[in-house]
Amino acid sequence: MLATLISVLACSPADEPTPPAAGQSAADRRAGAPGIGDPDFPRDGNGGYDVSHYDLVVDYTPATKRLDGVTTISAAATQELSSFNLDLTGLDVREVAVDDAPATFTRKGDELTVRPARAITGGTPFTVKVTYTGSPKPASDNANLGTYGFIPTPDGAFVASEPNGSKTWFPNNDHPADKATFDFTITVPAGLTALANGEQAGRPTTSGGRTTFRWRERHPMATYLATATLGKFDLRQGSTAAGIPNLAATDPRFKSSLDPLYTLSGQITDYWATVFGPYPFSSTGGVVDDYSAGYALENQTKPLYGGFQPDETIIAHELAHQWFGNSLTIKRWKDLWLNEGFATYAEWLWAEHKGKKTAEATFTELLKRPASDPMWSYPRAAPSPTTCSTSPSTRAAA
Ligand SMILES: [Zn+2]
């Protein structure tokens, strides 16, 4: 991800945690918390349960921007739960069921509070199924990152959700501290391609002018790395020299990027496996869409490049994140500098591997920058609204 995310983290409005109300009922005391406990994002994620799997069924029509979704979450209660929260922005919830029994629900801001017919016993597994519909609205942070989440495009959607944009298109526990496996069933008008994480589970099927794509990510994944990028795409599929399945997809406007993206993604994935250890997932690749995001995101198994032809430096960065960030994941956003630190170091290692400047020379050169250089202005691991005025200036994408 781009370094400007750090300034997003620095500048996100700090929601006030809800203080416990006096005279709470027993049911209130058994309510799952509305946040997972991240001091910098107090309302992100939720408490009281741990998700193991998301089953996402999404039907999307670009012409009307309408999304119909059914999300089934498999989770385990970590306490007795009279109610619990999911994160969801906008969209119209039609129905919620817990363990197949109808449940009541309320909405407040980005919180969807579910009250099952019977309290869930602590330590037990349960499922929650949410049926919803509407037009997803991406998250916007004009001062920093710009637009993220589910972003409609003329031919489909560009889906890049760091840090907390996955709630713009499906209900979930939206924080990297709760990783889970994913199944995706995405239906779009025939002629379009839907790209999600992991590998295809069977061939796409077309009926009544609509095509359904099934993807499965069987390695645990943070919600911000989930994607359902869809639209017109040219594809190139095969394997890296070391035998890892490789898929490159480019919007027709970026067709000239298809072969370089495929080749470089394969070479870099294989090289990182010799440097960082075995590749942690079951496929690699990349996606170039025509939405001018001005950034790239390391979506698990399918880094997404927003409206530009990625060069080898940025591909090296996003693929290094498959190890640092995606497989090894932070529990609190204040540690994001670790993800970005390793991915930036990986850029230097790739340059050295290609016979350019050594990583040590890059480091030494940067170290010589004067104390007034903006590079030094952001203190690591210290996200706070007060650091906004010293947001780093960075290149467009990294
Ligand atoms: Zn990054």
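Visitor: Which residue in β7 does Arg 107 stand opposite?
Guide: In this predicted model, β6 covers residues 104-108 and is joined by five bridges to strand β7, residues 111-115, with the two running antiparallel. Within β7, the residue that stands opposite Arg 107 is Leu 112.

Visitor: In what order do the three strands of the open sheet lie?
Guide: The edge strands are β3 (84-87) and β6 (104-108), each of which pairs on one side only. The pairing is antiparallel, and the twist from one strand to the next averages 25°. The order of the open sheet is β3-β7-β6.

Visitor: Are helices α3 and α5 roughly parallel or roughly perpendicular to each other?
Guide: The axes of helix α3 (residues 258-275) and helix α5 (residues 336-353) come within 12 Å and cross at roughly 105°. Angles of 65 to 115 degrees count as roughly perpendicular, and α3 and α5 are therefore roughly perpendicular.

Visitor: How many nonpolar residues does the contact of α3 with α5 have?
Guide: From α3, the residues Ile 268, Tyr 271, Trp 272 and Val 275 meet Ala 346, Leu 349, Trp 350 and His 353 in α5. By class, this contact has no charged residues and one polar residue, while the number of nonpolar residues is seven.

Visitor: Is Gly 231 buried or exposed?
Guide: Gly 231 is found in strand β17 (residues 228-231), and, leaving aside neighbours within four places in sequence, Gly 231 is in contact with Asp 155, Gly 156, Leu 192 and Thr 193. Because its relative accessibility is 0%, Gly 231 counts as buried.

Terms used:
Residues numbered from 1 in each chain as written. Predicted model: local features only at pLDDT ≥ 70, side-chain atom pairs only at ≥ 80, totals over all residues. Heavy atoms only, no water. Pairing = 2+ DSSP bridges. Helix = DSSP H or I, 4+ residues; strand = E, 2+ residues; numbered from the N terminus. Axes fitted to C-alpha atoms, helices over the stretch in contact; angles between N-to-C directions. Parallel < 35°, antiparallel > 145°, perpendicular 65-115°, else oblique. Contact = heavy atoms within 4.5 Å. Nonpolar A, V, L, I, M, F, W, Y, C, P; charged D, E, K, R; others polar. Buried < 20%, exposed > 50% of the residue type's maximum accessible area, 1.4 Å probe, protein only.
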